[in-house]
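This report describes one protein model in plain terms.

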Amino acid sequence: MAALTRDYDWSSTPLGHPDTWSQSLRTTVNIILNSRSPMFLWWGPQLIQFYNDAYRPSLGNNGKHPYALGQKGEDCWPEIWPIIKPLIDQVLYKGEPTWSVDQLIPIYRNGKIEDVYWTFGYSPVYDDDGQRKGVIVICSETTEHVNNSRKLHESYQALQISENNLLNLVMQAPIAIGHLKGRELVVVAANQKILELWGKDASIIGQPLEKALPELQDQPFLGILDNVYISGVPFFGTEHKALIRREGVLLELFFDFVYQPIKDINGNCTGIVVVANEVTDNVLARKRIQQSEDRMRQVVMKSPFIMLVLKGSDFVIEIANDACFHYWNKTAEATLGKPLLTVLPELKDQPFPELLKRVLESGKAYGEEEVLNYFETEQGIVVKYVSYLYEPILDEDGSVSRILVAAEDRTRMVEDRKKLLAAEENLRLSLEAAELGRFDMDLVKGTMFWDARCRELFGVDHHDEVTYENDFLPGLHPEDKERVSKIIEDVFVKELTNGDYDVEYRTIGANDKKVRWVRAKGKAFFDEKDKPIRFIGSVLEITDKKSEELRRNDFFAMASHELKTPLTSIKSYIQMLLKKAANDGDDFQADALNRVNKNVNRMTSLIQGFLNNAKILEGKFELHFENVDVNEMLNEALVDAQLMSQAHQFKLAPRESVIIRADRDKLIQVMENLISNAVKYSPKSGAINIGCDVTNNVAEIYVEDEGVGISAKDQQKLFDRFYRVQNEKVQHISGFGIGLYLVSEILRYHNSKIMVESEEGKGSRFYFRLPVVKGIV
Ligand code: ADP
């Protein structure tokens, strides 16, 4: 460019060829051309222009260059000539240099008039003759600098305004705002709202946040703020938990907040604006809802009942437990999240969707017991019974969009009940078929009920109310009246009988005068003071069975009677033969006769038993009471026992004399029976203990064995006449089933009772109690 300037054809300008120039002009032009600073020269009366390459940018692209070179000033700068001509003149004519700083001189460049700022000085240039001939302009364009400082100023002003605005904004904002300044985060502004939120007062203004809210020290906020300060990146927090001390109490609170960094014009962070909103109530409410939802889910899932939650008008299955899947015979995948009627389309034809809709609309619970419902399965329609409750679930706003269903599968129960009803009906029919009469006495009201069969058994024709005094007692056979009324008296004493009633007696028909044998069985019920309140039972006619029994008894009685006389004579012959054998020293005979004697004794006691049995039945059984020494009686029984078996070990527990009042012979029969049973039913031998314990003046006499034992069921019937246990352990042991009956009858006549404790396979203990009359107790 410089070359271009230098090579310029100056001859065509009013100045002519450079050779013609004065020395001064040449030197000046040389200085200008070689300078790196932008320079410009107006020379001569026409103010012909020179400028160097450094000046060129000021002319802009497509500006006045190159034609400005050598051009007349006036022609070149018409747009600013009025501004600069006076300056030029001032320098040229008065010799006063000028200096302008950041002067706006708009020039035409870049295709338009531009605001261009200059800092420039105009100085006179003297010609060889010492006359001022030109004006040299040393200039620099300061447009950029001016623009920058203007912007700076504007920014500063804006900043001032915005800081003020910010403060105002902070103070008046309806939301909690605070302004923290510097990296120490000094609280420079904080509105009432944020002070309340922080639980502080205005005294914290001017303090670093760390000091103002010391509780923040162990929490993440100071770290986050510092990060924002350093990085200049704002931070948005949602539902952050913060521990804030308010009125001395450290509270767990939740906040939404923004940390907005504030930057100066250089982009450096100067502070942070904190905008916060407390959302504790919302968070806690949501947590509570969540908790109650969780609780509900837990209740549903853990419930042994069928439980599910249906949502919306489509009844989408939101939650359901295993019991529910089981009831529907569906999997969780096939049901959860789907509308009820999509999962179980067969419900469309059942009342449930309509009822659910009603609950949803009314918000009122609804339930039913044991309703029929059915499901379509691959195997066909399955019918079930269900008891259920539809409970509306209230949303936060009190509306109902969900229903909790709790249900219980009652199918089994309904079916069982149907079966039970059928069974009851069967029982009633079989009662009728068995011709059992039923009686029911209300001992509190003093009333008595007999059903038709019962009335029949007492030969009662009338249909009026029956009573104990007018119908029952007069209906009893005179020979049984005393016994039966005594038994009933005892039934009403709980400690004696526990209310158990089982008796056989005769009735004489009130109207038909017919004699009927009946077996009555029943139970008395007592109140908490053991007072009898009710007596219920049934009556069965046993006339036929009884006559058969009586016939059998008659036969036994007759046979026994007939056998008794020959046996007595056999016995006396044996005694004589025994004596003779002893005298002859014939041991074999003596031994054989002893065995014969033993068997004869057994036969005698058997026959005695039959006779007693018959006497009991005929009511001719008599006792001869005397003082009996138990020791002596037991010793006698022991001697007899040892004759019965050598295989068993008999033990008699020694004790001092005890006297009781009893029929000695009959008591020995009792002992004989018990001991012979102990021997009979202990086939593997073992010990048999006989003894007597005395407590509170009552003697308890017992026989214990280690035999086969008796089941609990058999124990109840053991003392019935002709009762024999039926099982393989005892099936080969012979007997008539009257031994224990006799024992119990004999003891009954003694106002005592035979009792048994036994365990199958372990052994039995038979015992009875009689009061001690005299003795060392
Ligand atoms: P039986 O003539 O059959 O022995 P009992 O009236 O003496 O008649 O006994 C009735 C039933 O009681 C017997 O058939 C027997 O099964 C059972 N019984 C009696 N005593 C004993 C005992 N000590 N051990 C086991 N069972 C016994």
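## Cavities

Strand 11 makes the largest contribution to the lining of the second largest cavity, giving three residues. Strands here (E, at least two residues) and helices (H or I, at least four) are DSSP runs, numbered from the N terminus. The model is predicted: local features need pLDDT of at least 70, side-chain atom pairs count only at pLDDT 80 or more, and totals for chains, interfaces and linings use all residues. Residues are numbered from 1 along each chain as its sequence is written, and side-chain values use heavy atoms, with hydrogens and water left out.

A cavity is a set of points, on a 1 Å grid over the protein atoms alone, where a 1.4 Å probe fits but cannot get out; a pocket is an open set with protein on both sides within 12 Å along at least five of seven lines; lining residues have an atom within 4 Å of a point. Grid points are joined across faces, edges and corners, and a volume is the space filled by probe spheres set on the points. By this definition the structure holds four cavities of 30 Å³ or more.

| Space | Volume | Lining residues |
|---|---|---|
| Largest cavity | about 210 Å³ | 16 residues |
| Second largest cavity | about 180 Å³ | 15 residues |
| Second largest pocket | about 1,200 Å³ | 40 residues |

In the largest cavity, Trp-328, Leu-347, Phe-352, Tyr-390 and Val-405 are the lining residues nearest the centre. Two or more lining residues come from each of strand 13 (306-311), helix 10 (322-328), helix 13 (352-362), strand 15 (366-377), strand 16 (380-394) and strand 17 (400-409). For residue classes, Ala, Val, Leu, Ile, Met, Phe, Trp, Tyr, Cys and Pro count as nonpolar, Asp, Glu, Lys and Arg as charged, and the others, Gly among them, as polar. The lining of the largest cavity has 15 nonpolar residues, one polar and no charged.

In the second largest cavity, the lining residues nearest the centre are Trp-198, Leu-216, Phe-221, Tyr-259 and Val-274. Helix 6 (192-198), helix 8 (221-231), strand 10 (235-246), strand 11 (249-263) and strand 12 (269-278) each give two or more residues to this lining. Its classes come to 15 nonpolar, no polar and no charged residues.

## The second largest pocket

Closest to the centre of the second largest pocket are Glu-672, Asn-673, Ser-676, Asn-677 and Lys-680. At least two lining residues come from each of helix 20 (587-618), helix 21 (630-644), helix 22 (664-680), helix 24 (739-749) and strand 29 (763-775). Helix 22 has the largest share, with nine residues. The lining of this pocket contains 18 nonpolar, 14 polar and eight charged residues.

## Strands

Two strands pair if DSSP finds at least two bridges between them. An open sheet of five strands runs in the order 2-1-7-6-3, with antiparallel pairing. Strand 2 (48-51) and strand 3 (98-104) are at the edges and have a single partner strand each, so one side of each lacks a neighbour in the sheet. Within this sheet, strand 1 (residues 39-43) and strand 7 (residues 132-141) form an antiparallel pair over five bridges, and Met-39 stands opposite Ile-138.

Strand 26 (residues 686-695) pairs with strand 27 (residues 698-705) in the antiparallel sense over eight bridges. Ile-688 lies opposite Asp-705, and Cys-692 opposite Ile-701. The hairpin of these strands has two residues between them, and Asn-696 takes a positive phi near 45°. Strand 24 (residues 648-652) also pairs with strand 26, in the parallel sense over five bridges; here Lys-651 has Asn-689 as its bridge partner.

Is strand 26 largely enclosed or left open? Seven of its ten residues are buried (under 20% relative accessible area; exposed is over 50%, partly exposed in between; 1.4 Å probe, protein chains only), so strand 26 is largely enclosed by the rest of the structure. Strand 27 is mostly covered, with six of its eight residues buried.

## Cysteines

A disulfide is a covalent bond between the sulfur atoms of two cysteines. Counting pairs of cysteine sulfur atoms within 2.5 Å gives zero disulfides. Cys-269 counts as buried at 15% relative accessibility, and Cys-692 is buried with a relative accessible area of 4%.
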